[in-house]
Amino acid sequence: MQPWSSVSVPQVQGTPRPLRLHDTATGEVRPVAPGPLARMYVCGITPYDATHLGHAATYLAFDLVHRIWLDNGHDVHYVQNVTDIDDPLLERAERDNDDWMVLGMRETALFREDMEALRVLPPQDFIGAVEAMPEIIEAVGKLLASGAAYRADDPEYPDIYYRHDATGRFGYESNYSAADMDRFFAERGGDPERPGKEHPLDALLWRAARPGEPSWDSELGPGRPGWHLECSVIALNRLRMGFDVQGGGSDLAFPHHEYSAAHAEALTGQHPFARHYCHAGMVGLDGEKMSKSKGNLVFVSRLRGDRVDPMAVRLALLDGHYRADRSWTADALTAGSARLARWGSAVALPAGPSADEAIAGLRDRLSDDLDTERALLAVDAWVDAALSGGGSDESAPGAVRDAVDALLGVRL
C-alpha cells in the first residue's frame, strides 16, 4: 500500500533532548536509546469505519516520537499495518450490503486523508494484511512445525491455534493477571469457548475457510489469518527483532501486543520482540467512552467537513497526556482553536522575546514521556510575552514557528 504524503520538517535551533518513554512491560519511564536508525511499529486501523478522535490521538502520540527522533538526528524506519481482512470488516460489509474489499479500500483512503490533514508523518512501510498474506502463511507453517501451534480438534474446521505458553514468557508485556487476561481475551476478539482448543487463551493463527467468507489457498488449507500474527510478521520482516518501539492504543496491550510479541518470539527464539511497548490512552466524548456501539464517535473527516482547522484539532488532542484516558468536548476544540489563533498572531510579529527558553522548554517537556500539556504551556509563555510587546529579537518568531512545526507538528 502507498502511505500518505509527507511534509518537510524544519531544523530547530538549540540542543535536542533524548527521549524517555513509559514502557508497559516494565511499568517505568525509561530512555529510548535507538542507534542511528530508530525503528518503530504502530498498529494500524481495521478499515471498516472512518478515523475517529481516539485513533487520531494515538497516531499523534507516535508522530511526536517520530519527530523527536528526527530532532535528535536519527533516521527513522516507521512501519504501520492495515488489518484489511478481519471479522469486523466482513461484518460491517455484510450489514451494509457492501463489498468488503471496496469498504476496506474506501476507509483506508479516508484514513490517509485524515492523517495527511493532521500532518502526521507517514510510515516508510504501510502494509495491508492481504498484501502480507504469503509471509503470514509461511509463519503459520513454521509455528506448526516447531510445535508452537496446533490444529483444533474439529474435522470440519481444523483452525490453527498458537499455544499461548509456547515461549514460557507469556504475560510479560501487559503484566495482566490471569483473571484480566481471561476477561480481555473474551472481550477483545478472542474465542475462549471455541471447542477443539487445548486452552481458552490459545490464539487463532489460521481460520479454515467457511462458506461465504473470503479465503486464500495455501499448504495450510484454504483460510485466512488471525489478527495478531499479521503484526508479528509485518514488523519482524521489516524491522527485525528488538526494534525500538511497539505502539498503539491501551486496548491493544492485551491481547494484541501480548500475542504479537509471543508469536514473533516463538518464530525466532529471540527476546524481546520490541524494546519498548508504549500505549496511548482512550479518548471519550463528554465524559463517556467513545464507541461505535454508543454511536458517539467524533470523526476527523466530519470535523474537516465542518471546516474545523485540523491544526486546532491537533492542538486540542495534544492538550492532554497521551497515556491518560481523557474526554473530547466542545470546550476542548474551542480552546485548541483559540490557542492556534494566538500562536499564529505571535509568530507573525516582526520581533519577539528570545526563543531559546521556549524551545528548550518545549524539548524538555516532550522528551519527558511526551508531556504535551506542559510543552504547550512553554510555547504559551513565549506567545504571551510576544503579544504583550516584549522583546526585539527579529529571529524569534520564525524560530518558534519552526520549533512548533518540527516538534509538535502544528503549522502556524
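**Close-up 1. Aromatic pairs, of which the structure holds 14.** Rings of Phe, Tyr and Trp (its six-membered ring) are taken to pair if their centres lie within 6.5 Å, planes under 30 degrees apart counting as stacked, over 60 as edge-to-face and the rest as tilted. This is a predicted model, in which local features need pLDDT of at least 70 and side-chain atom pairs count only at pLDDT 80 or more, while totals for chains, interfaces and linings use all residues. Residues are numbered from 1 along each chain as its sequence is written, and side-chain values use heavy atoms, with hydrogens and water left out. One of the pairs joins phenylalanine 185 and tyrosine 259, which are tilted at 40° between the planes with 5.7 Å from centre to centre. This pair links distant parts of the chain, since phenylalanine 185 belongs to helix 5 (residues 178–187) and tyrosine 259 to helix 7, 74 residues apart; helices (H or I, at least four residues) and strands (E, at least two) are DSSP runs, numbered from the N terminus. The rings of phenylalanine 254 and tyrosine 259 are likewise paired, and because their centres are 5.9 Å apart and their planes at 45°, this pair is tilted. Buried means under 20% relative accessible area, exposed over 50%, and partly exposed in between (1.4 Å probe, protein chains only). Phenylalanine 185 is buried at 1%, tyrosine 259 is buried at 0%, and phenylalanine 254 is buried at 0%. One aromatic cluster is formed by Phe170, Tyr176, Phe184, Phe185, Phe254 and Tyr259.

**Close-up 2. Strand 10, helix 7 and strand 11 as a right-handed β-α-β unit.** A crossover is right-handed if, with the strands pointing away from the viewer, the path from the first strand over the helix to the second runs clockwise. Strand 10 (residues 245–249) pairs with strand 11 in the parallel sense over four bridges, where pairing requires that DSSP finds at least two bridges between two strands. Glycine 247 has cysteine 278 of strand 11 as its bridge partner. Both faces of strand 11 (residues 277–280) are covered, with Tyr277 and His279 buried on one side and Cys278 and Ala280 buried on the other.

**Close-up 3. The salt bridge between arginine 17 and aspartate 364.** A salt bridge is a side-chain nitrogen of Lys or Arg within 4 Å of a carboxyl oxygen of Asp or Glu, and the structure holds 31 of them. The closest N and O atoms of arginine 17 and aspartate 364 are 2.6 Å apart. Because arginine 17 lies in the segment before strand 1 (20–23) and aspartate 364 in helix 11 (residues 356–367), the pair ties together parts that are 347 residues apart in sequence. Arginine 17 is partly exposed at 22% relative accessibility, and aspartate 364 is partly exposed at 27%.

**Close-up 4. The salt-bridge network of Asp87, Arg207, Glu213 and Arg224.** Aspartate 87 forms a salt bridge with arginine 224, with 2.6 Å between the closest N and O atoms. Aspartate 87 sits in helix 2 (residues 87–95) and arginine 224 in strand 9 (residues 223–225), 137 residues apart. Aspartate 87 is partly exposed at 32% relative accessible area, whereas arginine 224 is buried at 2%.

Close-up 5. Cysteine 43 is buried at 5% relative accessible area, and cysteine 231 is buried at 1%.
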